[in-house]
Amino acid sequence: MKSTPAQRIGALVLRHYYLFRGSWPRILEMAYWPTVNMLVWGLVSQFLAESSNWVARSGGVFIAAVLLWDVLFRGNLGVALAFLEEMWSRNLGQLFVSPLRPIELVAAMLVMSLLRTTVGILPAALLAIPFFDFSIFKLGWPLLAFYANLLFFGGVMGLGVSSLVLRFGLGAESLAWVLIFALAPISCVYYPISVLPDWIQPLAWALPPTHVFEGLRAAMMDGRFDTSHFLAALGLNVLYAAGATILFLSVFQVARKKGLLLNVGE
Amino acid sequence: MTSLPPAVQVQNLVKCFGATHAVDHISFSVPNGGCVALLGGNGAGKTTTLSILLGLLVPDEGTVEVLGEDMIAHRWRVLNRINFSSPYVDLPHRLTVRENLTVYARLFGLADAKARIESLALDFGVADHLDKPTGRLSSGQRTRVALAKALLNDPDLLLLDEPTASLDPDTADWVRTHLETWRAKSGAAMLIASHNMAEVERLADSALILKQGKIVEAGTPKSLIERHGRANLEEVFLHVMRSPELTS
């Protein structure tokens, strides 16, 4: 009797599936904010298109941006909340006396993030078609590249937040909701990077989302997929993922030294 | 023919939290198939010792071997052969009992999880509660579910922290009987941290009394009672706890 890594990752995903299966409000909540955001930005776009040639020419760019921003935000929440659920339910100690390894917990949280984000964003993306005659799916394959990069970076942020919560306790849990917003101004979600002051642009270029949103505008306004932005986002994501994984595993060791795995919970 | 190593072998274990010596140079072993109890007041180091044995806590000094493996360096090699129950952890309240047990059965890679869960639920008297959210159970029912989870993988070593703390006397007695039967049948070793002296007298082959992180007394319950000239283990415990000279 010995479980495989895939079985253990699957067991954790199943644990979260059970949680959602038993709670319709949780599922509705996942789709609620992306849909509200899409509606607000869709209406703003319609209003601005009447007085701005740029907005008129880039029909749907704001809706696409808000949907993809939510991918980043939900990707982050998907990982952080999966971890917080274990903290809230005082389950971490149980989990780590099973054969589950920390890296498998990370993998399970990333899978949960993918599922939660897709369930949350899909209704908003579909509703944008009848409401604003805008289908983000017309982007084709580039959409997958944008989605994957943002989801991955969101997951990396969530892993960073999880590390801080493990180290400093549930007092740090609000970081799951607020930390990602610190990156919004320099991720250039709704405007080109040229809007930013020169001195902060290098910092913005160091973030994968900036490349994704620049790439999104290139795809929607110029009709081209900018491979250099895609590769830059991918490369940066690999670096940040390695950093966040090392941070999480290091904090896990600190938690084992300080006895933090048992003394968690509400 | 080579003899099996003891289920637990602890040498010179030390764990400090700041200036506090939670565990202070303790050594002991749990033989295969044996049951050892850790006794001590609050803060004596029982839970810290169990946490180290489970690999949840890294000691500052000393060595810990569990089922022949170095628990500090290679805990992954034995985690599928041990299990535990503790009031310091819980199972997710929103999941049903069956869902919680299914998740852990999969983590341990059980081949026939459904049958095992139903069998344990029957054994522990929670079969009627399998499809209820765990959070809606009474504390006694939750303790029994936690014990069912602890036996899911039929462990070679079971570590129990206050296993009957929240149970009424009748249920507690029933659980002790069940643990006795399970150990006799499985040949597994047990390490129990407990405040309940009657429980220790009944379940444990030997007991270690901890005080301020140190082992101050050790022996079979009977030998401890005889050595201190007391009527039962509870009187021995109170005597040891209240004797200032017994600190190391």
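Both faces of strand β9 of chain B are covered. On one side Ser206(B), Leu208(B) and Leu210(B) are buried, and on the other Ala207(B), Ile209(B) and Lys211(B) are buried too. Here a residue is buried if 20 or more other C-beta atoms lie within 10 Å of its own, exposed if 12 or fewer, and partly exposed in between, with C-beta atoms placed from the backbone. Six of the six residues of β9(B) are buried, so the strand is largely enclosed by the rest of the structure. In a regular strand the side chains alternate between the two faces of the sheet.

The model is predicted: local features need pLDDT of at least 70 and side-chain atom pairs count only at pLDDT 80 or more, while totals for chains, interfaces and linings use all residues. Residues are numbered from 1 along each chain as its sequence is written, and chains are lettered from A and ligands numbered from 1 in the order in which they are written.

β9(B) has partners in the sheet. Five bridges join β3(B) to β9(B), and these two run parallel; Gly40(B) stands opposite Leu210(B). β9(B) and β10(B) also pair over five bridges, but in the antiparallel sense, with Lys211(B) opposite Lys214(B). Two strands count as paired if DSSP finds at least two bridges between them. Helices (H or I, at least four residues) and strands (E, at least two) are DSSP runs, numbered from the N terminus. The hairpin of β9(B) and β10(B) has two residues between the strands, and Gln212(B) takes a positive phi near 50° there.

These strands belong to an open sheet of six, with mixed pairing and the order β6-β7-β8-β3-β9-β10 in chain B. β6 (82-85) and β10 (214-219) of chain B stand at the edges with a single partner strand each, so one side of each has no neighbour in the sheet. From one strand to the next the twist averages 15°. Further along, β3 (residues 35-40) and β8 (residues 189-193) of chain B pair in the parallel sense over four bridges, and Leu38(B) stands opposite Ala193(B). Helix α8 (residues 233-242) of chain B lies across β3, β9 and β10 of chain B, at about 25° to β9(B). For such angles, axes are lines fitted to C-alpha atoms, for helices over the stretch in contact, and the angles run from 0 to 180 degrees between N-to-C directions.

Chain B as a whole has eight helices and ten strands. Its radius of gyration, taken over C-alpha atoms, is 18 Å, close to the 18 Å that the globule rule gives for 248 residues, so chain B is as compact as a globular protein of that length; the rule is 2.2 Å times the number of residues to the power 0.38. Of the 248 residues of chain B, 48% count as buried.

The contact between the chains takes 27 residues from chain B and 28 residues from chain A, where two residues are in contact if their C-beta atoms, placed from the backbone, lie within 7 Å. On the side of chain B that touches chain A, α2(B) gives the most, with five residues.

Chain A has a mean pLDDT of 90, and 96% of its residues reach 70 or more; pLDDT is the predictor's confidence in each residue, from 0 to 100. Within chain A, confidence is lowest in helix α3 (residues 53-57), at a mean of 69, and highest in helix α10 (residues 201-205), at 96.
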